[in-house]
Amino acid sequence: MGVPGGETAERTEPGGNGFVGQALRRKEDPRLITGRATYTDDMVLPGTLYAAIVRSPEAHARILSIDTAAARELQGVEAVFTGEDLADLAAPCPMVWAPPGVEVHVPDHWPLARGKVGYVGQPVAVVLGRDKYGVVDAAEQVMVEYDSLPVVTDPEQALEEGAPIIHEEYGTNKVFEWSLPGGDIEAAFRDADVVVEKRIVNHRTAGAAIEPRSALAEWREGKLTLWSATQIPHICRVILSIQLGLTEDKIRVVAPEVGGGFGSKLQVYGEEVLVCWCARKLGKPVKWTATRSEEMATTHHGRDQIDYVRIGAKRDGTVTGIHAKIIQDCGSYHLIEGPVIPTFSACVISGCYDFPAVQTDIVGVFTNKFTTDAIRGAGRPEATHMIELTMDELARELDMDPLELRRKNFIKEFPNERPHGFIYDSGDYDATLDRCLEMLDLEAFRREQAELRERGVYRGVGFSTYVEICGLGPSRALGPDGWGMQGGYFESAQVRVHPTGSVTAYTGTSPHGQGHETGFAQIVADRLGVTPDVVDVIHGDTSTGPFGKNTYGSRSLAVGGEAIARAAEKVQAKAKRIVAHKLEAAPEDIELVDGRYQVRGSPDKAMTIADVAGEAYIPADLPEGMEAGLDEMCFYDPDNFVWPFGAHACISEVDAETGRVDIVRYVCVDDCGPAINPLLIDGQIHGGIVHAVGQALYEQVVYDEEGQLVTGTFVDYALPSAADVPSFETDRTETPSPTNTLGVKGVGEAATIACSPAVVASVLDALRPLGVTSIDMPLTPMRVWQAIQAAQGRGDGPAATEQGRTLDEHGGGAAGSGPTGPEEGGAS
Amino acid sequence: MSASVRLEVTVNGERHVSEVEPRLLLVHYLRDELGLTGTHVGCDTSNCGACTVHLNGDAVKSCTVLAVQADGAEVTTIEGIGQEGALHPLQEAFWEHHGLQCGYCTPGMIMAAADLLARNPEPGEHEIRDALAGNLCRCTGYQNIVKAVQAAAAQSRGGQGQPAREEVTV
């Protein structure tokens, strides 16, 4: 699989007043800190009906009957619908990944179940009424009779002969199988002096945005408007059009203020389609907002891979190849793109290292759990986790310093084509590690560690050097003829100068906390010679600006920011032609300095953008053939992905008596290219670290063997709090990407992709004197304690999977991920 | 549904008399009856703290308080502690130190922090982290929230302590 790339973007001078690079405080914040922002659930329209959804308590069952009579009779209830009522939907919820030549099983997944349920929480009926509390009462009166079917929740068991088949039409629980090879992998392992192998369970987690999903639909004058807590309003409109059989001109989707996404709102959920269908059917506005329990059960989960990874190396430490087999638990139905997620692991399976051969074999599996899909990092955290922990294992096997092993194998020349066709754009992996070590002072820590060990205090340090693929992405690589995503991955922008010189910029991206209104204003301001406070950035509304591809995959800046820069440069170019015409100079002699368009060498002859706008909108004297107006658009489709990188170090302390892990220090140096706004970058890094710390230490979505969700609230699903983490020591290097003119790479997922192996490695380093060499996340006190006990010859160690399978059944490798039952939970 | 009961409550200094269902949660009363949508619901189980308001001066999680329990009480919400042009020092500090991203947890976080500073005007980092452990944020990693609370505390003490960042304001 090859991708185009490495083409050098022509870097232009922004010509403005230097707002790019400044740590400006955010334009978004005044409304947010005063409680005046408008999230979806804050809106009510006249006559709004509330929806309550009846959900399956069964993980796998046939629906024998649904009796809605009692619910309909309750006061205030206007309607009750079941799957049969929605028979006029034009299509089920789509899954957009169709790789050429690969069979992918995509069962029909309807907003309300038809005949059968495959996971706990699957919507079966919807109750609509005027009272928010009343519809919940009524939903409890909907009587559904189920015929239970055998349940399978372990993806490896699901692949075995005789396992319950979830979708009979396929005769297997296998969703798909595909391979991404590069180089001679057989030779790589044949020629290796040493091969290390690990089995790593990268357990299921939740996105857990603090704002639950919410959707409000209105049908008025033959048109549909949906306000939704989504990351992808433009994509949502396309899918609503397909499912509802409505043309796009009659659909408007708005993402108002959105309270975090982390991938969990990179989705078009059945409930969004359902409220739209109900609003059209009833001719009234319909609103649904998830409870946290609904959110935990039916907002897509992430990770849930079982990874078998092998690295081969020469005795001197030179790596010869890496092979990973990924078993991806897809859940029982797909949503928009779940099965493609482990492919993102394959993209970065080479890590920062010069592997001459790589191969990733992926098997997707149906289980009676909810859908997995993209959650912050989406496949790359899993890859970093397996690569970095296996590199540590290799270092031990070779009796080599793990950092020396890394440096020996770092990729040093860029652009660099990897064996599987990806082209790393730019990098300096030694530089981030050097700076990280400078901040950490490893020698001092090793002395401290030795002293503490003598007192029975176990501290350790772990490292992660990572590279990630982001800035999704070149449509040629990702699209139908590439990986098979049924869409384009360009981004759009429109920059409009108003008649008096202020600016509105439209972006096709759709932020939910990232700060685009500020960062993009900085980019535009420099290119037009204005201040960011007169640049209003509009996003998240399909009735404004051009069609866009929205926000995920750390793409907003590297693709959307570049689009907005290019649109602004088109405006600048037109402005220069107007100025040249008015000042009787050549356009190439006009320069933009401190907000003035002046003639090179004659700074007294100048115009401002407001002067130019006046000429453009009162077009009495424009250059010959020029159209009026000062309003330009750009659709930017990158030539390559962008490849941020960095080095993270974690120092943790483990209480050997209780198994409790505390992070003592965390030092990281990330490189996402030149900063547009360092304040925003730091914020993404901090949040990204804690997201991964959550997975490493606390968070786990747990299903029991019957497919019941054990971690259905924040009581059971432990998000890290302020008290669980220290302040982090962060720094950056800036290696520009040649892919775009801004040189930027993206940072939204970087720290989440980097962090978890550093945390786990720090715990292993701490516990080395006790003989613990391997342990899978989450490192809850119980699991750590069990690992210590097992290393001391007591007990079998933590359970291998949620279903309690033992290590021996899988031929060794690491201890597995999950609690064995509800009593353990996922929390510390 | 049971019969409505009379509720008299002062919210952000304004007196309201309402008839409410006894089971109505305070957070829904504030949001749906009074239109004070700055107070958010994140978890329904009093874990996340997005719904934090002040009830007679103490921070409470309004998703776990019945509206009728506020009868005769004074309630302060995020809308009541400051507004654009007259920001509370905590609001100013969250803005200045990038203590928020998506903003959904922010009102509750600010109300919890205000409660902390009322009881402890000079909290150390650990005290701040412990005091905010009942308010979850998925975006910020808490670091800049802690910084903002420290800055607001310093500001309230008369500009002593950690200086505010000197950077251009948009």
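Two strands count as paired here if DSSP finds at least two bridges between them.

**Ground rules**

I am working with a predicted model, in which local features need pLDDT of at least 70, side-chain atom pairs count only at pLDDT 80 or more, and totals for chains, interfaces and linings use all residues. Residues are numbered from 1 along each chain as its sequence is written, while chains are lettered from A and ligands numbered from 1 in the order in which they are written.

I looked up β26(A) and β27 (residues 661-671) of chain A, and found ten antiparallel bridges between them. Strands here are DSSP runs of E with at least two residues, helices are runs of H or I with at least four, and both are numbered from the N terminus.

Is β26(A) enclosed or open? Nine of the ten residues of this strand (645-654) are buried, so the rest of the structure largely encloses it. I call a residue buried if 20 or more other C-beta atoms lie within 10 Å of its own, exposed if 12 or fewer, and partly exposed in between, with C-beta atoms placed from the backbone.

**Entry: chain A as a whole**

I noted 20 helices and 28 strands in chain A. Its radius of gyration is 27 Å, close to the 28 Å from the globule rule for 828 residues, so chain A is as compact as a globular protein of that length. The radius is taken over C-alpha atoms, and the rule is 2.2 Å times the number of residues to the power 0.38. Of the 828 residues, 61% count as buried.

Next I checked an open, antiparallel sheet of three strands, in the order β4-β2-β6 (chain A). β4 (116-117) and β6 (143-148) stand at the edges with a single partner strand each, so one side of each has no neighbour in the sheet. β2 (residues 61-67) pairs with β4(A) over two bridges, and A:A61 has A:V117 as its bridge partner.

A:T68 sits in the loop between β2 and α2 (69-73) of chain A. It is buried, with 22 other C-beta atoms within 10 Å. Leaving aside neighbours within four places in sequence, I listed its contacts as A:V80, A:T82, A:A125 and A:V142. A contact means that two C-beta atoms, placed from the backbone, lie within 7 Å.

**Entry: chain B**

How many residues of chain B are in contact with chain A? I found 52, and they meet 51 residues of chain A. Among the elements of chain B that each supply at least two residues to this side are α4 (106-119) and α6 (143-156).

I also looked at α1 (residues 26-33) of chain B, where six of the eight residues are buried, so the rest of the structure largely encloses this helix. The buried residues include B:L26 and B:Y29, and the buried set packs against β1 (5-11), β2 (14-20) and β3 (52-55) of chain B. After α1(B) comes B:G35, with a positive phi near 70 degrees.
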